[in-house]
Each structure stands twice: as C-alpha cells, then as structure tokens.
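Keep the model open while you read.

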Amino acid sequence: MSGRPTAYAGAGRLRGSGGGARALPALLLGVLLLLVTACSGGGDGAGADGKNGGKVKPSPTLSQAVVTVVPKDGAKDVDTSGALKITASKGKLTKVQVADTKGAEVAGDIVEGGTAWRPKLHLAASTTYKVHAVAKDTHGRESARDTTFTTLVPKNTFIGRFTPEDGATVGVGMPVSLNFSRGITDPKAVERGIEVKAEPDVEIRHKWYGNDRLDFRPEKYWAPGTKVTLTLALDGVEGRPGVYGKQAKTVHFTIGRSQVSYVDASAHTMRVTRGGKTVKNIPITAGAPGSTTYNGQMVISEKYPVTRMNGETVGYGGEYDIPDVPHAMRLSTSGTFVHGNYWAGPGVFGNQNASHGCVGLRDARGGGDSSTPAAWFYNSSLLGDVVVVSHSNDKQIQWWNGLNGWNLPWGEWES
C-alpha cells in the first residue's frame, strides 16, 4: 500500500482523516436543495416569475377588499356637494369616518349593500377633511383607506337673516322667517340645510316668498312654553351657481304666554285675551275711509317706545309726518302699526275711525304716562303676539306682508 487515499467509485463520498468524509456530501445536498427550492416557486406549480396562469396568487393573509375614496388624497378645491364618494369592491364597508380638523364628523350612511357610503348633507366650504374607511372581504379580513382633502373657497357667499333672535321669548304667532342676502335658485339645496324642530313636537311646514324669503310655521299658533330650535347648516350649500352659504348656526327661542287681541274696526274696540280669556277691552280708532285697515291675523314684528311716522314712506304723500309716535308696534311691512295716539281728541277712541290704516290707542305725548291704554298694551305685548282685525272695509292682508303667514291656508304650506 502506498498510503494514499483510495477512491471508491460510486460510493458518493471520499475517505479521509477527520470528519471530511461526511461534510462534503452534506454541503452538496444543501446546494441541491437550494437549487430545487429556487426553481420550484414554492412547489405550487407557479413559474419562476411567481405567476400562475397569468394571475397573481392571492395572499392567504391580506384582505381582498378594496376601498376607494374620491377625491384623491391631498386634493384641493373640492366641491361641497356630490364630490365625495367612498366605495368598496370585493368586500363591504364596515366603518367610515369623515371629520374636519376640529373633529366634527360628517353624518352619513353605508348604502347599496355595504358597497358605498353617502353623506347626509353637503360639506362645509374652505374645510380640510380626513377620511378613514374600513372594509372586510368574505373571509373577514380588513383593509383600510385614509385620505385628506380640502373643499373649495367660495368667491361669492350668502347668509339667511333670521327672525326671531336667539334666546328670545316670543308670542304664539311668531313664525321662523329667513331673508337671504342673495336670490336662491336651488331652493331644495337650501331647504336641506335648514331644520326647524319644536319641543313638544309638532308638524312644521315651510313656504317660499319669491327667491329670497323662507318662512316656517305650525298649523295653529304655537303652544305656550314650546321650545323651538332653528338649525342653519348652510355653510357650503350652493344656493345659486357659484354662490355658497356660509352659516353654521343653531338658534333657540321659547314661546311665552298666549296673547291674542281682537280688533273690531266697525265697533272701534280691541279685546285683549290671555290664554283664551279676556283681560281688557280697549277703545280704538282704525283706518278712516280711503285709508282703511287690513283685515286678518297680524303678528307684532317690531316694538318702538317712540318712532317717526311719515306718510311719504308708505305712499300717502305729505298728509302726515309725526316725529314722536309713542308705543308703536309694527304689524306689516307696508306700514300697519298698532300705536299710541296723543293728537286725536278723547272722543275719537271707541267712536270713530280716523287713522291712515293703523290701529290707534289713546296715549300721552312722549309716552310717559303708564296709565294710558297704549302704554298698558305696549308693556303687555311681546314680539310674536297676534292682533286679529275684522269688520274693516278692506281686504285681508297678504301672508307675506309682515310675519303674517297665518293668513295663508295650511294646505298651501309645504311639508
């Protein structure tokens, strides 16, 4: 023997000193396994490019649900109505949260069998919103989408000037009346941004006068003690092309005691009732022939301890100009008042109609005498109290002339 290592053909190993005889086959086996693994694509029949029949094999752990949000992340100048769309494919939405940077959330509903979400109202203008939407696939696995976008900055805006004022206590005849600073050409969009509710609950309907006034009222006078809430969600409402509302406000007012006064123009009297019971009868003077007083239900809309009355402002020329009419309460936009009268003789009240269309009560000049009928009625009246005139040789007042919607039949109001 020469002492050299002897090779055994076909033995698959080499004999030698130490552990070398076993280490080399192990190394070769590892290389072979590595090659098999790299070429096999995981042993599932896929090619080396990870594809199977031209389709990507689904992950056993990732959700197949796809959430889509329009507008895209980071979008600017987004329209306030109709632009926001959140949908899900290969799954159903389970959670959608849309909120501004202050945390105020946008109300909405998951609809269409869970494949879409719709906001209940428009979005506010000039506002950044964050969207977080989650969907689940058929295996219960979740996927989510987070998007941030900013709505448009309007170049032209409108507001609604409202009556009555926030926190007021008013009479049973006070409607909710809104006068818009710009004519509205999309009334339905504006209506969706306004809510009037009462506690206790009562049906409330609305009516437009022209394109810039919107009134609300119940069928009958409000019940005393009713709490009324007006919610204006007009920020972002496109009331006319390119003109957007900018109000987000809540107004509360309370209905006080019930006072309704009945003027009989032919008998020259006014009967004041509280809760349906007569509390005082007052002699009055109504409109003279040629300047008669309107008939109908009229609501006190303004009160002035002293005011000027000039016939030129209501179409009477220079027939009168009285700078200090005391205890004046407006009943119509066209100039009908119930007010104190110090210039007529005492025998006029209760006996003669001598005014230019107003209802006059005996008073003292300056209104300083609290014992006069005019002072008593002024101090006993609230904005929103009702004055009903009958037996005058004139027509019924138009419902829009003042806050006098009670003269329009209930069936002509829209629910």
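The points below cover ring pairs, then lysines over rings, then the surroundings of a serine. The model is predicted. It holds eight aromatic pairs. Two of them are described here, Phe158 with Phe180 and Tyr209 with Trp399.

**Phe158 and Phe180**

- The ring centres of Phe158 and Phe180 lie 6.0 Å apart, and the planes meet at 75 degrees. Edge-to-face requires an angle over 60 degrees, so this pair is edge-to-face.
- Phe158 belongs to strand β10 (residues 156–158), while Phe180 belongs to strand β13 (residues 176–180). The two residues are 22 residues apart, and their pair links distant parts of the chain.
- Phe158 has 1% relative accessibility, so it counts as buried.
- Phe180 is buried too, with a relative accessible area of 6%.

- Trp399 has 10% relative accessibility. The cut-off for buried is under 20%, so Trp399 counts as buried.
- Ring pairs join Tyr209, Trp399, Trp400 and Trp413 in a cluster.

**Lysines over rings**

- Lys280 sits over the face of Trp376, 5.1 Å from the ring centre.
- Lys303 places its charged end over the ring of Tyr378, at 4.3 Å from the centre.

**Ser381**

- Ser381 is found in the loop between α3 (373–379) and β29.
- Ser381 counts as buried because its relative accessibility is 4%.
- Which side chain makes a polar contact with the side chain of Ser381? That of Gln259 does, at 3.3 Å.
- A polar atom of the Ser381 side chain also lies 2.7 Å from the backbone oxygen of Phe377.
- Leaving out residues up to four places away in sequence, Ser381 touches Arg257, Gln259, Ile300, Lys303 and Met329. Lys303 in that list is the lysine over the ring of Tyr378.

Note on methods. Residues numbered from 1 in each chain as written. Predicted model: local features only at pLDDT ≥ 70, side-chain atom pairs only at ≥ 80, totals over all residues. Heavy atoms only, no water. Phe/Tyr/Trp six-rings, centres within 6.5 Å; stacked < 30°, edge-to-face > 60°. Helix = DSSP H or I, 4+ residues; strand = E, 2+ residues; numbered from the N terminus. Buried < 20%, exposed > 50% of the residue type's maximum accessible area, 1.4 Å probe, protein only. Lys NZ or Arg CZ within 6 Å of the ring centre and 35° of its normal. Polar contact = N/O pair within 3.5 Å; in protein donor to acceptor, adjacent residues only side chain to side chain. Contact = heavy atoms within 4.5 Å.
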